[in-house]
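I opened this entry to keep track of what I looked up, chain by chain, and then where the chains meet.

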Amino acid sequence: MPFLNGVTLLLVYQLTGEILVRLLGLPIPGPVLGMVMLFATLMIRGSVPDSLGQASGALLSHLSLLFVPAGVGMMTHFGRIADEWVPIALALVLSTVVTMVATALIMQLTTRWFVTPQRVEDEPND
Amino acid sequence: MTEPGLRDIWVYLSASPLLGLTMTLVAYGLAYRLYLKTHASPLANPVVTSVALLILVLLATGTSYQDYFEGGQFVHFLLGPATVALAVPLYQQFRRLRELWLPVTISLLCGVVIAAGSSVALAKLLGGSLEIQMSLAPKSATAPVAMGISEKIGGLPSLTAVLVVLTGITGAVLGTKLFEWIRVKDDTAKGIAMGVAAHGIGTARAFQVSSQMGAFSGLAMALSAFATALLVPWLVDLMASWLPV
């Protein structure tokens, strides 16, 4: 039962998010607003109820699975992807690499600048 | 499938959600087993292998994506509640987040602008059509957000969904190696970069490295969904006037 209660809670927040986004004409998706509202609720409550912990743990531990049906959608775009595969592949891979490298370095630098005794240790790898 | 009985069963099954849903879970189960067998090598990312396996099966059996999605939609639907569920790790990491709010904000804004700007600029320079450029622009945001933005700026939402998944896979596969090369060791910095560039698939990968990296990746994914929705339509307009077509 706790698991079911947790799932219900997630759906209620998502539904409320979807309704508010449409009512207020916000440019963000409903689930994102739902997440913000749930976060605010947890802050006020001061702890994560067991039911919610179970449900979110189950969903997030297999997050990759949820992307599979959208990924299979690739088969409907084979033609278009084949026609323009060079710009698509290069732009996608290079831009992802650049974004990750730049964001990680900016985060590391700004953490050193703004957060006082934040020591970034060089641990031996492997 | 020469026997009429079997054919009837196939006709029934291919029109029912049961087949697509079962196939998705079985394919993912196999892919996940392979992933564990390879000692969690990022190259055996379970999204890649299960998508490849499913496409092969669908092509071999002549099943359309629409028929498959009758069942696949139930898994796809869970992306919504999973997005809401990100509030939990976010809350659990809040203490750490509070002391890092300024670096996180700066990195996020830079990351979102670089992700969209570089993909549009690169696609344009390499001769991609306007539709491709616009479909690529929101590629680093999580699927439901990216599809909405793509539609708004003149891309193809369903193509964007695919590009989002490919971006996530690229990030999840290359991420840990890249961070090693540029000598970023801090799990918070790695998590933020992963979440900004590679949304949920990157976050799934980050959770495998450490729960702290996962939580920060989830945080970055959630916040960059906001930032992408607010900034990208405006950024794309701005770039259209800067870069000659």
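I began with chain B, where I counted 13 helices and zero strands, taking helices as DSSP runs of H or I with at least four residues and strands as runs of E with at least two, numbered from the N terminus. Reading along the sequence, I noted the pattern α-α-α-α-α-α-α-α-α-α-α-α-α for chain B.

Before going further I wrote down that this is a predicted model, in which local features need pLDDT of at least 70 and side-chain atom pairs count only at pLDDT 80 or more, while totals for chains, interfaces and linings use all residues. I also noted that residues are numbered from 1 along each chain as its sequence is written, and that chains are lettered from A and ligands numbered from 1 in the order in which they are written.

Next I looked up the extent of chain B, whose C-alpha trace spans about 65 × 45 × 30 Å along its principal axes.

A compact globule of 126 residues would have a radius of gyration near 14 Å, but I noted 21 Å for chain A. Buried residues make up 38% of the 126 residues in chain A.

How is chain A divided into domains? I recorded domain 1 (1-61) and domain 2 (74-119), with bounds that come from an automatic or database domain assignment. The C-alpha centres of domain 1 and domain 2 of chain A lie 28 Å apart.

Last, I looked at where the chains touch, counting two residues as in contact if their C-beta atoms, placed from the backbone, lie within 7 Å. The contact takes 94 residues from chain B and 71 residues from chain A. On the side of chain B that touches chain A, helix α11 (residues 157-181) gives the most, with 16 residues. I sorted that side of chain B into 64 nonpolar, 24 polar and six charged residues, where Ala, Val, Leu, Ile, Met, Phe, Trp, Tyr, Cys and Pro count as nonpolar, Asp, Glu, Lys and Arg as charged, and the others, Gly among them, as polar.

Note on methods:
Rg over C-alpha atoms; globule rule 2.2 N^0.38 Å. Buried ≥ 20, exposed ≤ 12 C-beta atoms within 10 Å, placed from the backbone.
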